[in-house]
Amino acid sequence: MKIKYIEKIMYWTLGVWMLMVQGACVKEDFTQTTDVTPNIATFLKNSEDFTVFYEAVVKAGTAAYLDAWGTYTVFAPNNVAMDTYIRSLGKSKVADLTDEEAKLLVTQHIVTDTVSTGNFKDGKITKNSVAGLFITTSVRNVDGRSEILLNKESVIILPNQRTGNGLVHGVDKVFTPITRTLMEEIQANPELSLFAEALQETGLDATLNIVEEEQYFSVLAVSNAVFAQRGINSLADLRDKYSHTGNPKNPNDSLYMHMAYHIVPDLKYVSDLMLQNSHVTKVNNEIILVKVDGERVLINEEEWLGNIELGAEIDRSISDNTTKNGVLHQLKDNIFIKARFPFPIYWDPADQPEIRIAGVYGRANLSVAKGFLKDVSWGGAESAAIDYESLLGANMIGAVYNDLLIVNLRTAVIPWIELKTPVIVKGRYKVWISWRTIDSQQGSNTIDVYVNGAQLSRSIVNGEYRNRTLPARELEALGYKMHLAGSPSGANNYNTKMVGIVDINSTDRHTIRLETKTNRNTPFRMDMIHFIPVDMEQIYPVFDINGNAVYP
């Protein structure tokens, strides 16, 4: 019970003062005001529909803290749901449950945070239950009305019941206790029997049976029907197609790698997969790529060298299955490790999805606040903004796509900026940065470049002009080039410098960081960033203001 202490003290002080004034020893009565809202355990105990769950709460030893000060959300099965569940165990009442059964039952329904239905996401509740596992959420339409479905099985029938220490949501079914490991869950599904056999053949079944604190896996499983679509109907077919060493338990064997590629060593529900463009797998330096297309979540659908490679869709209706050590998903097609060769990335860092959505890309200028761009972050005060500039005046014309990303890169304003690159195939690359030189009376800033935290060998000085007299190959030998096609107005003010060579160890998106330790009031006007394999042509193509590649 929460006593209004300030009010109590005021009354007490007033009483003492009156006694002193009257000079008499008279007892003064006063009213102590309290908040009589019951806490969760008391709410359940006094309810009509949740008394059986309250009995389980008591048996599990959680009643004391559910009546203590704190913040909790309880998904309480009603009495009918509890009776149905207890009978399914061959028992008749809560007292028949073992202490362990009661504890597992109850703790899966408690979250140590207050989460109203308005804060549910279509995926999962952001904080795990006391049992250590997440509660998944979705919305379904039944006869023209929407229902909130938890863990694919339980409907909220009484939402957002506020108590003194949190919320209670009444549900119509007990959450099925999570007792299986990932491997056991896969083996229990006859539609995944071939996938299970392949895991056993490679020895990865042992990995998916490990239950350790904070060690989780996410599996992108393939059904027998999906394998059959690819002409694979048996374990022998899988061995013939993939096992090139004859020993599938060898981590370098192709069958082992194929199966390991379906395992993400982290807890990733579909909503988590959607948050990032790529995720590491159990295969060293191999990742899966994730693309969201409306309601569809696609694995490894990407455009490579102008061609669209179709991906495998996650079957969301049968995915997000929680186990003791992770989560199980199913794919509508198989996924494969693809041998890719390094190829050049000619990147306009101003081309960000949010700038396109804002409708200003290639059209207008935009001041960009912190947090607006998902894949770009920078230092400095919260008010420090960067600028997207398009359709610039004649003195700025020449930029590729006719736009620039402008950063006041100086220690007093924005000391660093980090950007996520497009996907780069693993390999060895020369890194080139293009910018618009500014001849400022304030002087120039020296900018260091980092890729994935490793500093590259050469810095940029943003006031440095490109040598305009040397032939292209001689200029390249010095680590510079002209990246613009033709002779557009203002092109002489653009410089491109090779800032170092980097080894990209995984096919993925990577982080490039520009950082300065100088403080001249001269903004950095960035045009392009090139990652070009070391054994490929570095000068060509060049680019016109529309972004078209131009070759000699």
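How many bridges join strand β3 to strand β8? Keep that in mind as you open the model, which is predicted.

**Stop 1: the sheet**

Select residues 72–77, strand β3, and residues 166–171, strand β8. The two strands run parallel, and six bridges join them. Now pick out Ala76: its bridge partner in β8 is Gly170.

Six strands form it, in the order β4-β3-β8-β7-β6-β5. The sheet is open, and its pairing is mixed. Look next at β4 (110–111) and β5 (137–142), which stand at the edges. Each has a single partner strand, so one side of each is left without a neighbour in the sheet.

**Stop 2: two helices**

Select helix α8, residues 193–202, and helix α11, residues 235–242. Their axes are 10 Å apart, and the helices pack at an angle of about 55°. Angles between 35 and 65 degrees fall in the oblique class, so α8 and α11 are oblique to each other. The crossing of α8 past α11 is right-handed.

Show the side chains at the contact. From α8 come Leu194, Glu197, Ala198 and Glu201. From α11 come Leu235, Leu238 and Arg239. By class, this contact has four nonpolar, three charged and no polar residues.

**Stop 3: Met274**

Go to helix α13, residues 270–275, and select Met274. Is Met274 buried, partly exposed or exposed? Its relative accessible area is 29%, so Met274 is partly exposed. Leaving out residues up to four places away in sequence, Met274 touches Val290, Val292, Val297 and Arg316.

Met274 and Lys338 are 64 residues apart in sequence. In space, C-alpha to C-alpha, Met274 and Lys338 are 22 Å apart.

Terms used. Residues are numbered from 1 along each chain as its sequence is written. This is a predicted model: local features need pLDDT of at least 70, side-chain atom pairs count only at pLDDT 80 or more; totals for chains, interfaces and linings use all residues. Side-chain values use heavy atoms; hydrogens and water are left out. Two strands pair if DSSP finds at least two bridges between them. Helices (H or I, at least four residues) and strands (E, at least two) are DSSP runs, numbered from the N terminus. Axes are lines fitted to C-alpha atoms, for helices over the stretch in contact, and angles run from 0 to 180 degrees between N-to-C directions. Angles under 35 degrees count as roughly parallel, over 145 as roughly antiparallel, 65 to 115 as roughly perpendicular and the rest as oblique. A crossing is left-handed if the near helix is turned anticlockwise from the far one by less than a right angle, and right-handed if clockwise. Contact means heavy atoms within 4.5 Å. Ala, Val, Leu, Ile, Met, Phe, Trp, Tyr, Cys and Pro count as nonpolar, Asp, Glu, Lys and Arg as charged, and the others, Gly among them, as polar. Buried means under 20% relative accessible area, exposed over 50%, partly exposed in between (1.4 Å probe, protein chains only).
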